[in-house]
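Hello,

Here is the model I promised to pass on, with some notes on what turned up in it. Please have a look at it first and then read on.

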Amino acid sequence: MAAAGGSPSIVEYFGGEDGYRCGYCKNETGNLSHGMWAHSMTVQDYQDLIDRGWRRSGKYVYKPIMNQTCCPQYTIRCQALRFQPSKSHKKVLKKMLKFISKGDVSKVVSEEEPMDSHIEDAVACDFAYKSESHVSQSELTLLSVDRTEGVESEDKDAGETREEVNVQKVESCSLQICADKDTPVLGEPSRSAKMVHSPPKPGKGADLSKPPCRKAKDIRKERKLQKLLQNQMCASEGSPLQADQLLLLQNSKSKANQPKTIEDFVFVSLPDDAPHKLEVRLVPASFEDPQFKSSFNQSATLFAKYQMAIHKDTPSECGETEFTRFLCDSPLEAENAPTGPECGYGSFHQQYWLDGKIIAVGVIDILPYCVSSVYLYYDPDYSFLSLGVYSALREIAFTRQLHEKSPDLCFYYMGFYIHSCPKMRYKLMKVVLRNWAE
């Protein structure tokens with residue numbers, strides 16, 4: 001099929017009879033798929049292909065044979081207009097905002113782990129699959145000792161009256177437990193001292209003379225509502241609120257209670273003295289583009305650094321030739337339609353520039369109905385910013401921007417989902433169950 005006024009798609013088909021090595025389960029002959037080498041392809045043809053389960057890697061376009069391949073790969077897509085960020089998504093957005101505006105750095109997890117493991121829900125799921133056989137004997141022993149000490153201390157306190165319990169007895173009891181174990185010298189740290197818990201002091205329960213505790217968020221909402229009421233009363237010069245004023249007050253209250261979107265965290269004004277500056281540039285994946293050509297060396301170096309640190313590739317496996325073949329060469333023909341986005345359709349690199357250098361690049365395809373994420377590579381030194389999650393949220397927001405000019409463009413494709421691959425389970429937990437639809 002040819003685009004209006006454009007060249008037709010030219011492909012060279014390869015059969016799917018022979019199996020080859022799977023990059024996910026490492027089966028030498030288990031990966032079976034249909035494939036073709038695309039010399040050139042229109043964006044509409046590729047849109048139709050990915051809607052039928054095809055995917056490109058450079059100029060090679062393939063479709064897994066689902067009932068034969070070792071790791072079935074499912075196409076998933078997000079309805080970008082309906083997407084609402086979860087609590088963990090907002091944490092990532094806030095973390096980036098704090099880093100840019102205040103220079104706040106909070107490294108929670110190891111930087112040596114892949115970006116997939118930086119997602120909170122994925123980590124929680126891994127704990128759920130942990131069986132008893134994975135728990136070490138030392139953990140079980142420590143837990144038993146700690147619980148036994150707690151029970152003994154509670155039984156001892158239960159036999160004493162409130163008047164007999166005093167601070168001196170608590171201190172002597174704590175020191176006695178330490179002496180029975182390792183007899184440490186006072187003032188020196190000890191491993192056994194960390195496991196000792198002094199008996200709790202008797203309490204009187206809740207103070208009925210004081211109001212019950214309330215969440216700070218509810219208190220702020222109530223104060224804001226009272227302030228709005230006072231402003232309305234002053235504006236009406238002491239007259240009772242009219243129906244239109246009540247409606248205005250209600251609308252302002254409901255608007256304040258609306259959940260925040262991605263755009264509320266991304267497109268905010270930063271202070272003039274912000275320690276960092278983040279700029280996202282959309283560059284066509286073409287050596288004819290001056291911006292792409294001038295940033296090629298820096299981008300290729302970042303790709304090699306990412307592949308060696310995260311995927312343990314050798315330098316020969318992630319050189320400039322491999323980078324060009326995998327992420328720069330594209331069969332898609334650039335197209336500028338009257339009703340399309342201003343940047344046009346085709347393959348692009350979305351570069352994340354932090355303080356004048358590239359820290360991440362998202363390779364994307366802009367098609368008539370969607371933005372398709374091809375690959376992401378980032379600087380491992382900035383893993384604490386969860387750039388994998390952050391870039392996906394930015395690409396969803398970018399899809400919404402393109403939708404304003406191109407109403408048909410409203411989906412965000414995140415590639416394949418492979419249930420048997422642990423690194424991809426975050427797609428199921430964070431997206432499929434909440435916001436994704438086939």
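Which residue follows helix 2, and is its phi positive or negative? Helix 2 is followed by glycine 103, and the phi of this glycine is positive, near 75°. Helices here are DSSP runs of H or I with at least four residues, strands are runs of E with at least two, and both are numbered from the N terminus.

Before the rest, a word on the background. This is a predicted model, in which local features need pLDDT of at least 70 and side-chain atom pairs count only at pLDDT 80 or more, while totals for chains, interfaces and linings use all residues. Residues are numbered from 1 along each chain as its sequence is written, and side-chain values use heavy atoms, with hydrogens and water left out.

Back to helix 2, which covers residues 87-102 and so has 16 residues. From first C-alpha to last, helix 2 reaches 21 Å, close to the 22 Å expected at 1.5 Å a residue (the expected span being 1.5 Å times one less than the number of residues). Its buried residues are Ser88, His89, Val92, Leu93, Lys95, Met96, Phe99, Ile100 and Ser101. By buried I mean under 20% relative accessible area, with exposed over 50% and partly exposed in between (1.4 Å probe, protein chains only).

Next, the charged pairs. The whole structure holds six salt bridges, each a side-chain nitrogen of Lys or Arg within 4 Å of a carboxyl oxygen of Asp or Glu. Among them:

- Arginine 21 pairs with glutamate 28, with the closest N and O atoms 3.5 Å apart. Arginine 21 is partly exposed at 43% relative accessible area, and glutamate 28 is exposed at 52%.
- Arginine 281 meets glutamate 279 at 3.4 Å, N to O. Both ends are partly exposed, arginine 281 at 30% and glutamate 279 at 33%.
- Lysine 305 and aspartate 379 come to 2.9 Å between their closest N and O atoms. This pair links distant parts of the chain, 74 residues apart: lysine 305 sits in helix 11 (residues 296-310), and aspartate 379 in the loop between strand 9 (370-378) and helix 13 (387-405). Lysine 305 is partly exposed at 33%, whereas aspartate 379 is buried at 5%. A network of salt bridges links Lys305, Asp379 and Asp381.

Serine 372 belongs to strand 9 and is buried, at 0% relative accessibility. Its side chain makes a polar contact with the side chain of arginine 55 at 3.0 Å. For a polar contact, a pair of N or O atoms lies within 3.5 Å; within protein, one must be able to donate a hydrogen and the other to accept it, and residues adjacent in sequence count only if both atoms are side-chain atoms. Leaving out residues up to four places away in sequence, serine 372 touches Arg55, Val363, Ile364, Asp365, Leu367 and Tyr413 (contact means heavy atoms within 4.5 Å). The other one, serine 33, lies in strand 2 (residues 33-40) and counts as buried at 4%. The side chains of serine 33 and tyrosine 20 make a polar contact at 2.8 Å.

Happy to hear what you make of it.

Best wishes
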